[in-house]
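Here are my notes on the model you sent. They are set out as numbered points, to be read with the structure open.

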Amino acid sequence: MFVTVGLGLSVCPTCLNGTPLSASMNNYSFVNPTSLSLLQAFYFNVSGIYTPDFPDTPPVRFDYTNDSINILNPSLLITPKSTSVKVLKYNSTVEMVLQNTAIIGVENHPMHLHSFNFHVLAQGFGNYDPLKDPKKFNLVNPQSRNTIAVPVGGWAVIRFTANNPGVWSMHCHLDVHLPLGLATAFVVENGPTKESTLPPPPPDLPRC
Ligand SMILES: *[C@@H]1O[C@H](CO)[C@@H](O)[C@H](O)[C@H]1NC(C)=O
Ligand SMILES: *[C@@H]1O[C@H](CO)[C@@H](O)[C@H](O)[C@H]1NC(C)=O
Ligand SMILES: *[C@@H]1O[C@H](CO)[C@@H](O)[C@H](O)[C@H]1NC(C)=O
Ligand SMILES: *[C@@H]1O[C@H](CO)[C@@H](O)[C@H](O)[C@H]1NC(C)=O
Ligand SMILES: [Cu+2]
């Protein structure tokens, strides 16, 4: 996956205490569901809580880290709200390039993944180069982390194995960016065995 992370503007300026600021991954600004949790929706097969349409690439290609972007291409600033997740087959290997954008402004985003540790293969400044930068991948002794500070105006490449079924959030860990929508979630499907199948909710799960 190639995933942009950064700020933007909301189409709904009054949504978040009047601030027009928004934030997104691949131009999808995440909104938590209110009627049911993501995990319950997955377990009980309830549709309409999330959409499995989080894209593997940004909908628009642009010069991601060019500071002039806000003036040159103001139409890129608006990021729509949704509850979009990425569905993964059990045990699949996920490689993700996290690319910071200069929309509104370049900023550090400590990207945190629930449930999994990932390997950090490479990091750099500017736009990720799919031809040159894979040569920098550390496939020998990469760091194992659950959070990666994507370099300001730069990129980081991570890899993990989706071997834990359930719904797992991936989000920027800055308190101010999370409610702005800098998040998505992975829905990891069940595996072939009982051990790789999501157990039912506990009987004492609090009810709304
Ligand atoms: C959800 O759908 C799956 C696949 O069709 C099925 O195996 C499972 O039993 C369903 N779960 C519930 C709680 O209905
Ligand atoms: C940013 O984009 C503008 C317009 O395309 C271009 O002239 C400029 O060289 C770019 N800046 C950098 C640092 O690449
Ligand atoms: C995000 O999506 C909106 C609505 O489709 C579009 O206007 C905007 O240009 C997109 N921005 C980027 C950075 O893809
Ligand atoms: C998941 O992948 C690992 C490593 O390839 C393999 O050892 C294991 O058997 C797989 N698990 C299942 C349930 O397929
Ligand atoms: Cu952030």
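This is a predicted model: local features need pLDDT of at least 70, side-chain atom pairs count only at pLDDT 80 or more; totals for chains, interfaces and linings use all residues.

1. Ligand 3 has Asn27, Val60, Phe62, Ser75, Leu76, Ile78, Pro80 and Ile103 around it. Six residues of this shell are nonpolar and two are polar, with no charged residue present.

2. Which atoms does ligand 3 meet in polar contacts? One of its oxygen atoms lies 2.3 Å from a side-chain N or O atom of asparagine 27. At serine 75, a polar backbone atom is 2.8 Å from an oxygen atom of ligand 3. At leucine 76, a polar backbone atom is 3.2 Å from a nitrogen atom of the ligand. The protein buries 66% of the 360 Å² that ligand 3 exposes when taken alone.

3. Ligand 4 is surrounded by Tyr90, Asn91 and Pro192. An oxygen atom of ligand 4 sits 2.3 Å from an N or O atom in the asparagine 91 side chain. Of the 360 Å² of accessible area that ligand 4 has on its own, the protein covers 32%.

4. An unreviewed UniProt entry carries the annotation "domain: Plastocyanin-like" for residues 53–191. In the model, the chain over residues 53–191 is 41% strand and 3% helix.

Notes: Residues are numbered from 1 along each chain as its sequence is written. Chains are lettered from A and ligands numbered from 1 in the order in which they are written. Side-chain values use heavy atoms; hydrogens and water are left out. A residue is near a molecule or strand if one of its heavy atoms lies within 4 Å of it. A polar contact is a pair of N or O atoms within 3.5 Å; within protein, one must be able to donate a hydrogen and the other to accept it, and residues adjacent in sequence count only if both atoms are side-chain atoms. Accessible areas come from the Shrake-Rupley method with a 1.4 Å probe; for residues, only the protein chains shown count as cover. UniProt positions are given in the numbering used here, feature names are shortened, and annotations may be inferred rather than shown by experiment. Helices (H or I, at least four residues) and strands (E, at least two) are DSSP runs, numbered from the N terminus. Ala, Val, Leu, Ile, Met, Phe, Trp, Tyr, Cys and Pro count as nonpolar, Asp, Glu, Lys and Arg as charged, and the others, Gly among them, as polar.
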